[in-house]
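I set down here what I looked up in the structure, entry by entry.

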Amino acid sequence: MRNVLLNFDDEKKIEELSYALSSSYRLKILKLLTKDSYSIQELAAKLDLAMSTISFHIKILKEAGLIKVLPAPSKKGNEKNISLNVETIFFAVSSTESLSNRTYFLEIPIGSFSNHHVVSPCAMCSDTEPINPFDDPIVFDSLFKSKCELLSFSKGWLEYSILTHEFKQHKLNSITFSMELCSECPNYNNDWKSDITFWINNIEIATYRSKGDYGGRRGILTPQWWPFGSTQYGMLVNLTINNDGAFINGEKTNNISLHDINISNFDVLKFKIGIKENARYIGGINLFGKKFGDYNQAINFIVDYETIE
C-alpha cells in the first residue's frame, strides 16, 4: 500500500483524487475497504446498490490509484477482489520539505531482524532461489538473510530493532507498521486461519487474524521460478498506534496508546511479530518482501510527529 505525497505542483493528480473523493458512495466504498477486501457483488450487497453503479465508482477509484482490482483467488468466473491501494495521502501546503519535518519513513527489509525464535517447517527465499539450509531454523542465522524476500515459519517470532534518535525527542502523533503477510501451511490454503501478534518493546499491542495462506493465482511480484502450488501473496496489514489506542487496518483493537509504550524512554524500538503459544489459531506466518506477493514493499515504518521548537 502506497503513501501519496502531493503539493501544488501535482495539479492533475489532485484533480483526479478530488473527483474520486467527491462522491459519498465512493467514500463509503473506501471506508468498507479499510476493514477488508470485497468483490463487486459483495460491495453492491453491503451498500444496497446495483452492480453497474458499483462498477462505475470502482472504475473512478481505480483510475485515481486509490484501489486495486485483482482476480479473486477462491471465486469462479470473472469475479474480482477489490482492496485499498493507498494508506495515507499527504498534502504539503507550503513545501514538501516542511512535510518531511513531520513524517519519518523507514523501509525495513524482512531479513533484517535482530532476534528470532522460529520452529520448522520454516524457510527463507531470495528473489532468485531458496536460502539454504531449507526447512531448518538455523537458516534464520544465515548471513544471506539480508537477501530474503519471503520467509515463513509455523511457530515462534521475529524481532526488528529500530533506532529512535530521529523522532523520539518530538511529540509523536502516531506510529504505523505496514507489511504484507498471511498464514503458513503446506502448499497453500485460502481458508487457513492464523492469529499473528505484534509487540513493541515487549508490550503486546494487537493480534491480526489471517484468514488464509493465499494461492490459486500468481502473486503480482512473485517470481516465475517459485512453484505455482505454493504461497503466492498475502494481505496488507497496517498496525497503527496513536494517542487513542491501537488499530489494525483502521479498526480499533484496544486502548494501548503511545503513552503506554513511551518511546521517548528508549534508544531502540523493538518490533516483534509472532504466534503466541496459546493462540486460538496457530497457523504460521508468511512475510513478504518487495519482490514477492502483491505489494512492492518490505515492512514500512512511519512516524507522524510534531517538531518541538
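How many aromatic pairs does the count come to by the ring rule? I noted that the model is predicted, so that local features need pLDDT of at least 70 and side-chain atom pairs pLDDT 80 or more, while totals for chains, interfaces and linings use all residues. Residues are numbered from 1 along each chain as its sequence is written, and side-chain values use heavy atoms, with hydrogens and water left out.

**Aromatic pairs.** I applied the rule that rings of Phe, Tyr and Trp (its six-membered ring) pair if their centres lie within 6.5 Å; planes under 30 degrees apart are stacked, over 60 edge-to-face, and the rest tilted. The count comes to 13 aromatic pairs.

I looked up Phe-140 and Phe-153: their ring centres are 6.4 Å apart and their planes stand at 80°, so the pair is edge-to-face. Phe-140 lies in the loop between strand E6 (115-125) and strand E7 (150-163), and Phe-153 in strand E7, so the pair ties together parts 13 residues apart in sequence. Helices (H or I, at least four residues) and strands (E, at least two) are DSSP runs, numbered from the N terminus. Both Phe-140 and Phe-153 are buried; buried means under 20% relative accessible area, exposed over 50%, and partly exposed in between (1.4 Å probe, protein chains only).

I then took Trp-225 and Phe-292, whose ring centres lie 6.3 Å apart with planes at 85°, so this pair is edge-to-face. Trp-225 is in the loop between strand E10 (203-210) and strand E11 (235-242), and Phe-292 in the loop between strand E15 (285-288) and strand E16 (299-306), so the pair ties together parts 67 residues apart in sequence. Trp-225 is partly exposed, at a relative accessible area of 33%, whereas Phe-292 is buried at 0%.

I also recorded one aromatic cluster, formed by Tyr-104, Phe-167, Phe-177, Phe-198, Phe-271 and Phe-301.

**Overall fold.** I found six helices and 16 strands in the protein chain. Its radius of gyration is 20 Å, close to the 19 Å that the globule rule gives for 309 residues, so the chain is as compact as a globular protein of that length. The radius is taken over C-alpha atoms, and the rule is 2.2 Å times the number of residues to the power 0.38. The C-alpha trace spans about 60 × 55 × 35 Å along its principal axes. Buried residues make up 49% of the 309.
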